[in-house]
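Here is a short report for a first look at this model.

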Amino acid sequence: MKFDTPAAQNPIDQLKVVGRATDRIDGKFKTTGTARYAYEWHEVAPDAAYGYIVGAGIAKGRIRAMDLGAARAAPGVITIVTYENAGDLGKSQSNIARLLGGPDIEHYEQAVALVVAETFETARAAARLIRIDYDRAPGRFDLAAQMNSAPPVGGGSGEGSGSPPIDRVGDFEAAFASAPVTLDETYSTANESHSMMEPHASLAMWQRDKLTVWTSSQMIAWAVRDLSATLKIPKENVRVLSPYIGGGFGAKLWIRSDAVLAAIGSRLAGRPVKVALTRPQVPNNTVHRPATIQRVRIGADHDGTITAIAHESLSGNLPDGKPETATDQTKLLYAGANRLISMRLATLDLPEGNAMRPRGRRRGWRFSRWPWTRWRKSSAWTRSPSGSPMTHRSIRRNRSARSRSAGSRSAFAPAPSASAGTGATHSPQPRARDRGWWAWESPRRFATTC
Amino acid sequence: MGVAAAFRNNLLTKSAARVRLDRNGKVTVETDMTDIGTGSYTIIAQTAAEMMGVALQDVVVHLGDSSFPVSAGSGGQWGGNNSTAGVYAACVKLREAVAQKLGFNSADAQFSDGKVRSGNRDVPLAQAAADGELVAEDAIEYGDLGKTYQQSTFGAHFVEVGVHAATGETRMRRMLAVCACGRILNPKTARSQVIGAMTMGAGAALMEELVVDKRGGFFVNHDLASYEVPVHADIPHQEVIFLDEADPVSSPMKAKGVAELGICGVAAAVANAIYHATGIRVRDYPITLDKLLTRLPNVA
């Protein structure tokens, strides 16, 4: 069905069932433990062996030697997968780092081996007997240190917000310089982990050249495509099942090491193999939301009308990675005749950065307080009761603090006695903006509080 | 108190489904759509029940299998609207097959209460499958409406916090999200998604940070004992208001993305609330107590 004209009246509009606050039909399965998650398909593969992933102990470099002897000799060990016996692997377009590393290591905890054994415990114990010697290479791990060298990159997230590396409308600098009220602040956001309840897990089984993988995936067709590309087998030979998923938040949009290594382990072991990442493996082995450093400049008239807006964001990723698209919403939502939007991307050798709980958008709006909350804060809200029994401070007490902060550092702290509509008393501070729009004061500044 | 705008795009992507009608009048939906805890099973069952005029208990939903038609999948708050629109498309085809089988003009046939009606004639739906199962498969495919209209969802987040005068510890007291995101297919599961998103937003604002070891090049706090995330119990009151609207340019469901709107802007509202409470503007997330401690105003 092609949907190319706005919907007319249709049966959904009856709203006899749709639109009703209905209990989850799968709720009883989840609350009784009968919903099957990826690691729990016991009856499908009662003979499944257990795989335990060994992650790289360095962030960047090369494996000089792997000693698997003691692990192979451990009781219950069936096989050990490494780059040496995994066969010819491809890399899907969805993955930046390879899902099985070695001999080159691209990030810390990148999978370098899978120990397959009769039980989880024996696999884990044998994994600890593997000895790996590395040649460690220097890596880049400090985002702020690359602030002035990271190149601008274009792109976006395919949502109408794509842009050239430096996207300009009008003359931002001139409009900002002449604006009666300005803000020029830098914000930083942290690296974050999805922390879904169910860690990544997969059960893989081969029937001749046909592979079936029970996994935890948000995107079934992408999992088929990417397993096919990684294992270099036809898509028709891959079946993926993921009827229940214990959260993903972006971490399960694309396959991860558990799925690929379960498949390879199963092929080598000649029987079904299941692999779950342990919780401590997840943040470094898989993906995370990259940290950002964002500079926001806004020039406005006294009535709050934005005349100039600039939003520049720096994030980092592995080589060939993408930026955290933190500037999208500024482009799409905010007014301002003169505009400058830019993303810069530093090369970092940290684990792969990728989509998480709306990419780039989770905190983009803190400056949306501007100017609305400022006026409100100094009028109606100051009259609201405060100073709760616990610790909530009264506004009266706040005023001295705000005065201090206004005088010392912020171009944006409200004047203590400002009333609605007359609070635009803040003057632009002669700061970084006069020294080029990425020439910020000191990278160190972002290591601690502002 | 703090407030911030919420804004997130509504993404339109192709989504397919297969729908079966058996001789007992049961409807089975098959699509590779996933349910990541969001309620996909339920809204897909609701969609099929509405379209085929049967009770919710008469619908069976099978998801998450690559042997089923390819759906939009789950991510970027695109799952709910697109996957149900795909089921809608398949149901339109099944309705046509049923009407033809029962000798109705499909444009006139009405499906309700397990029956198909037109004029003064009505026939049990199950009768259409008396000679064997009816199967229909189709996809929703979008034209230019995603380009000719800015497809977005909008909202506002309101947060009340208390900041401890001596320790700088921030406690969430109340959260409210007001969301304009099209028709709400199931207010219960939609609310659950949004309050979950609000909770994540509180985490981003106050707690979540993978600490980088800049010598070794890895994240140090790599478990839930040291990378802390909030839960609903950390926030005594969470409320969600969905504005009553239907968006006909989004899909035949007139629904839009819901979940991520619930997270966009939350951390900004929290930061604003902390500023309102203390006069301290922190621009470096997460707003942990160490960033407030030395700057707390004197309170007698």
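## Chain B

Chain B holds six helices and 13 strands. Helices (H or I, at least four residues) and strands (E, at least two) are DSSP runs, numbered from the N terminus. The radius of gyration of chain B, taken over C-alpha atoms, is 24 Å. That is well over the 19 Å that the globule rule (2.2 Å times the number of residues to the power 0.38) gives for 300 residues, so chain B is more spread out than a compact globule. Its C-alpha trace spans about 80 × 45 × 35 Å along the principal axes.

Of the 300 residues of chain B, 60% count as buried, that is, with 20 or more other C-beta atoms, placed from the backbone, within 10 Å of their own.

## Basis of the model

This is a predicted model, in which local features need pLDDT of at least 70 and side-chain atom pairs count only at pLDDT 80 or more, while totals for chains, interfaces and linings use all residues. Residues are numbered from 1 along each chain as its sequence is written, and chains are lettered from A and ligands numbered from 1 in the order in which they are written.

## A sheet in chain A

Chain A has an open sheet of seven strands, in the order β4-β6-β2-β14-β11-β12-β13, with mixed pairing. Two strands pair if DSSP finds at least two bridges between them. β4 (77-81) and β13 (238-241) of chain A stand at the edges with a single partner strand each, so one side of each has no neighbour in the sheet. The twist averages 20° from one strand to the next; axes are lines fitted to C-alpha atoms, for helices over the stretch in contact, and angles run from 0 to 180 degrees between N-to-C directions.

Strand β12(A) (residues 210-215) runs parallel to β13(A), joined by four bridges. W214(A) has L241(A) as its bridge partner in β13(A). Helix α3(A) (residues 120-127) packs on the sheet, and its direction makes about 25° with that of β2(A). Helix α6(A) (residues 257-269) packs on the sheet too, at about 35° to β11(A).

## Where the chains meet

The contact takes 95 residues from chain A and 100 residues from chain B. Two residues are in contact if their C-beta atoms, placed from the backbone, lie within 7 Å. On the side of chain A that touches chain B, α10(A) gives the largest share, six residues.

β1(A) also pairs with strand β8(B) (residues 134-142), in the parallel sense, over two bridges. There K2(A) stands opposite E141(B).

Methods:
Buried ≥ 20, exposed ≤ 12 C-beta atoms within 10 Å, placed from the backbone.
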